[in-house]
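Keep the viewer open as you read.

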Amino acid sequence: MPQQTKTKILIVGGGFGGVYTAMTLEKLLKGDPSVEVGLISKENYLVFQPMLPEVISGSIGILDTIAPIRRLCPKTNLYTREVESIDVSNRTVTTSSGVRPRPHKLEYDHLVIAVGNITSFVGRSGLAEHALPFKYLGDALVLRNRVIHSLEEADIESDPELRRALLTFVVAGGGFSGVEAVAELNDFARAAARNFRRIKAVEIRVFLLHAGPLILPELPEDLARFAQKLLQRRGVEILLNTSLAGATAESALLEGGDRIPTKTLVSTVPSAPNALVAALPCKKESGRIVVNKFLEVLDHPGVWALGDCAWVVDQKTWKPCPPTAQHATRQATCLAKNLVASLRAEPKQGFAFQARGKLASLGHRSAVADIFGLKLSGFLAWLLWRAIYLMKMPDLDRKLRVSTDWLLDLLLPQDIVMLKIGRSASFGREHFEEREIIFHQGDRGDRLYIVIDGEVEIVKQVPGDGEQFLGRLGPGGCFGEMALVNDNPRMATARTVTQVNLLSVNQDAFDALFAHHPPLRAMFQQLIEERVRGQAGEGQSALIEGETKPLSRSRATTN
Ligand SMILES: Cc1cc2nc3c(=O)[nH]c(=O)nc-3n(C[C@H](O)[C@H](O)[C@H](O)COP(=O)(O)OP(=O)(O)OC[C@H]3O[C@@H](n4cnc5c(N)ncnc54)[C@H](O)[C@@H]3O)c2cc1C
């Protein structure tokens, strides 16, 4: 018997849009053997993002905010891969290679694009290097660890300036995710600090930066004012009409030139189109894929889009849908119905959805809510927030886990365990503004630096003789290796002349290169000898002159 060819539906994206589409398709198709549904996502789980802020404080366990996609849609073929390209002319999707490095192509008859948007720090100096995004599960865990680490460091730090920066936390963005994140962070930092004997409550400072005149612009003004006052009462310093311009390892840089010294900066603001969407040859509006009222991509039959990556005009309000989970899940139901209708040559329905309300959790058992025009704030709104989001969780198993977490959170003290996950990065980029210190004379040498762009100068404090200028480094110059090789404290100070971007190499990576690559070892040994001669006053000029040359030829060496 000839084998029947199946209609292939391929969904890209394992967020609310993609997973709810697959779940609805499974219900509607009822195991129809002529249709095959596949879903490609980077992760094999759905993140319940509205509960992400609670991971910071630990009131919800890290794994309880996610649900395995295989269990949510068991009849869908899951491909846990990253999609690298979509070819709408040839109806194929190429994913990243897996264990074996070979391209993996999937064909489709219908493609559903639900890849959301991404956090982008492009155009703001230092944010990619020093600001923490807040979108994915890992971001919440990293932030929680950073808060605990900062408290641990501050507790034993004697330098008052550094201590102040460690105990200052800055969140940029006064929309829903920024406000919910700052509320949880503020509660958690203040509660956790009580476990540290040398940290006083008044030393903790938490800032919220917001570009507009009032936070939570999506909410009615009185609720937004309530939220603003409540956060201020709890100690959050809200800077209105203030935008984040950039960051360094030491500070948040504000538009207008002010800076806030901090070691923890979270930016919830910039979202940009996913690279896959940007590369698609279809009509876009504000970077989102324009679809018709049935959620079909214009001029590309068989291609559908929804969620944060799609420009969907609501057929009731005639306004573009906001990027929310509420809309993504409703669009998923509509899209799945329309897709099945098109397979069965039945009529399709336009997308229309009146959002039932807006809720924002403010931590510490309070929230604000605007439900069917009814405005609530405080404890009642918080109870409602929890009840609604618990109901919305797609998996019974997760509902039970989250309810247990919340119950235990009411009874038990906050957990302040700092998880050490993954190794520290061997290589990293660092950004500095003009006239900032990269390291001080006397510091422990733990990294080698290579200048990517900008200028750095090396100076030495000589007792009784003031500051001695040792040299200046430009792009390609390297410094900091001597203290690494000899395990000595830094013998000079490195500071920036202009804005500088550096590549830094940690001790382990440097040791590995130094030990296993003889030509590199010989080069560094030669540099160090020259440096030592320079320090003794013999080779000083050679050192300074050579310092702007690239690493392969450089004579630029400092401690
Ligand atoms: C902290 C936070 C709190 C929020 N709180 C609320 C709230 O309270 N209420 C509300 O309604 N909304 C809230 N939102 C917004 C809501 O989460 C989003 O609107 C919703 O997740 C959009 O769903 P989506 O499926 O379009 O995109 P996403 O949920 O972003 O999913 C995109 C999926 O595509 C995958 N993907 C992307 N690129 C690729 C690729 N190249 N290859 C393979 N897979 C890829 C991603 O891994 C992800 O699984 C919040 C968002 C955040 C960040």
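Leu265 sits in strand 17, residues 264–267; helices (H or I, at least four residues) and strands (E, at least two) are DSSP runs, numbered from the N terminus. This is a predicted model, in which local features need pLDDT of at least 70, side-chain atom pairs count only at pLDDT 80 or more, and totals for chains, interfaces and linings use all residues. Residues are numbered from 1 along each chain as its sequence is written, and side-chain values use heavy atoms, with hydrogens and water left out.

With a relative accessible area of 3%, Leu265 is buried (buried means under 20% relative accessible area, exposed over 50%, partly exposed in between, with a 1.4 Å probe and protein chains only). What does Leu265 touch, leaving aside residues up to four places away in sequence? Its contacts (heavy atoms within 4.5 Å) are Leu127, His130, Ala131, Leu132, Val170, Leu244, Ala247 and Ala252. Pro133 is 132 residues apart from Leu265 along the chain, yet their C-alpha atoms are separated by 8.9 Å.

## Helix 7

Now take helix 7, which covers residues 176–193 and has 18 residues. From first C-alpha to last it reaches 26 Å, close to the 26 Å expected at 1.5 Å a residue (the expected span is 1.5 Å times one less than the number of residues). Is helix 7 largely enclosed or largely open? It is largely enclosed by the rest of the structure, because 15 of its 18 residues are buried.

## Hairpins, loops and positive phi

Strand 6 (residues 83–87) and strand 7 (residues 92–95) run antiparallel and are joined by four bridges; two strands pair if DSSP finds at least two bridges between them. Val83 has Thr95 of strand 7 standing opposite. Four residues lie between the strands of this hairpin, and Arg91 takes a positive phi near 55 degrees.

Two loop residues also have positive phi. Asn241, in the loop between strand 13 (236–239) and strand 14 (244–247), has phi near 50 degrees, a positive value in a residue other than glycine. Asn241 is exposed, at 56% relative accessibility. Phe372 has phi near 50 degrees too and belongs to the loop between strand 24 (367–371) and strand 25 (374–378). At 67% relative accessibility, Phe372 is exposed.

Which strand pairs with strand 28 over six bridges? That is strand 33 (residues 500–506), which meets strand 28 (residues 447–453) in the antiparallel sense. If you want a pair to click on, Ile450 has Leu503 of strand 33 as its bridge partner.

## Salt bridges

The whole structure holds 19 salt bridges, where a salt bridge is a side-chain nitrogen of Lys or Arg within 4 Å of a carboxyl oxygen of Asp or Glu. One of them joins Glu296 to Lys348, with the closest N and O atoms 2.9 Å apart. Glu296 is in the loop between strand 20 (288–290) and strand 21 (303–305), and Lys348 in the loop between helix 10 (325–343) and strand 23 (357–361), so the pair ties together parts that are 52 residues apart in sequence. Glu296 is buried at 17% relative accessibility, while Lys348 is partly exposed at 29%.

Arg398 and Asp397 also meet in a salt bridge, 2.6 Å from N to O. Arg398 is buried, with a relative accessible area of 10%, and Asp397 is partly exposed at 22%. Then there is Arg472 with Glu455, whose closest N and O atoms are 3.3 Å apart. Arg472 lies in strand 30 (residues 466–473) and Glu455 in the loop between strand 28 and strand 29 (456–462), so this pair ties together parts 17 residues apart in sequence. Both belong to a network of salt bridges with shared partners, which joins Arg435, Glu455, Glu457, Glu467, Arg472 and Arg495.
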